[in-house]
Amino acid sequence: MEIHSATILGSGNVAFHLGKALAQNGIRVDAVYSPNETHAISLAEQLNTQAFSKPDKLPLSSDIYIIAVKDTVIEQVSDQLADVAGLVVHTSGNTSMEVLSKHKRCGVFYPLQTISKQSALNFTHVPVLLETKQQDDMALLKQLTTALGATSYEVDSDKRKVVHVAAVFANNFSNHLYGIAQQILIENNLSFEMLKPLIRETANNIQHYNPNEVQTGPAVRGDQTTINTHLKLLKEMPGYAQLYTLLSQSIINTHKEK
C-alpha cells in the first residue's frame, strides 16, 4: 500500500510548497480546498488540479488529506471533511493529533522548516515529524517522506510541542534579532550586508559544535564595560536596550559556572 494521491486543504505557504513537492515527486494532487475561492484557484492552477471552496464537494478517494491551515481552524476543517477513507493529517507543530480524532485514520505530517512562498523549499533539507493513530499509516507517511527526499522522525504530540518551542527560539527569535540588528544599522546609515558573513559563520559553527561551547561576546567574557557602552548607544531605543539586557543576563547565567 502506498500514497499515490492527495487532497490539500489550505492555500498558504505550507500548502503551496507541499503541493509542489508532491506533484514533482509523482503524487497526484486531486484537489485544493480553501474557503477563499480566489486562493484555492490560484494554487490549484499551479498544481494543475481542481479548486474547491466548499469542503463537502471534495473528492472522497484520495489516499491522503493534508490539512495545512492555521492552528486555530484545523479542527474546524477536519470536522467539515466528509467520511473519507484516506488518511487525514495536519501539518502543525503545536497542535495535538487528537483534533483529528473523528477520523479513523489520522496523523501529523509536520515539516520542521521555516517556510515562505518567496523562497524555494528543498525537502531534502527538511526534517518531517510524524505521528499516526495506526501503525500501518506510519509506514505510509514514512514512504511519503522518503518520496519527497526528506528525513522522518516519529514524534508524539507532546514531544512535538517541545520541538516547536525550541524551533521558535532557534528560528523566529533569531530572525527577529537579525531584524533588530538591521534596524540599528539603518538608523545609523550603515549597511546590514557587513553582518551577513558573521551570521553565516555563526550558523556554520553550530553544525559542528555545541552552541554553548562557541558562545562569544561581552556577556560570556564578563565584559561589563563593553555592555555599558552598548547600553548607552541604545538609550534612544529602550525596547532594544531591555532586550539586550535580558539576553546578556541569560548568557551570563548560562556560563557563570565556567
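## Ground rules

A residue counts as buried under 20% relative accessible area, exposed over 50% and partly exposed in between (1.4 Å probe, protein chains only). This is a predicted model, where local features need pLDDT of at least 70 and side-chain atom pairs count only at pLDDT 80 or more, while totals for chains, interfaces and linings use all residues. Residues are numbered from 1 along each chain as its sequence is written, and side-chain values use heavy atoms, with hydrogens and water left out.

## A pair of rings

With that in hand, look at Phe169: at 55% relative accessible area, it is exposed. Phe173 is partly exposed, at 43%. (Helices are DSSP runs of H or I, at least four residues; strands are runs of E, at least two; both are numbered from the N terminus.)

Phe169 and Phe173 make an edge-to-face aromatic pair, with 4.9 Å from centre to centre and 75° between the planes. The rule here is that rings of Phe, Tyr and Trp (its six-membered ring) pair if their centres lie within 6.5 Å; planes under 30 degrees apart are stacked, over 60 edge-to-face, and the rest tilted. That rule gives a count of one aromatic pair.

## The sheet

Now for the strands: eight of them form an open sheet with mixed pairing, in the order β3-β2-β1-β4-β5-β6-β7-β8. Pairing takes at least two DSSP bridges between two strands. At the edges are β3 (50–52) and β8 (151–154), each pairing on one side only.

Strands β4 (residues 64–67) and β5 (residues 87–90) run parallel, joined by four bridges. Ile64 lies opposite Leu87 in β5.
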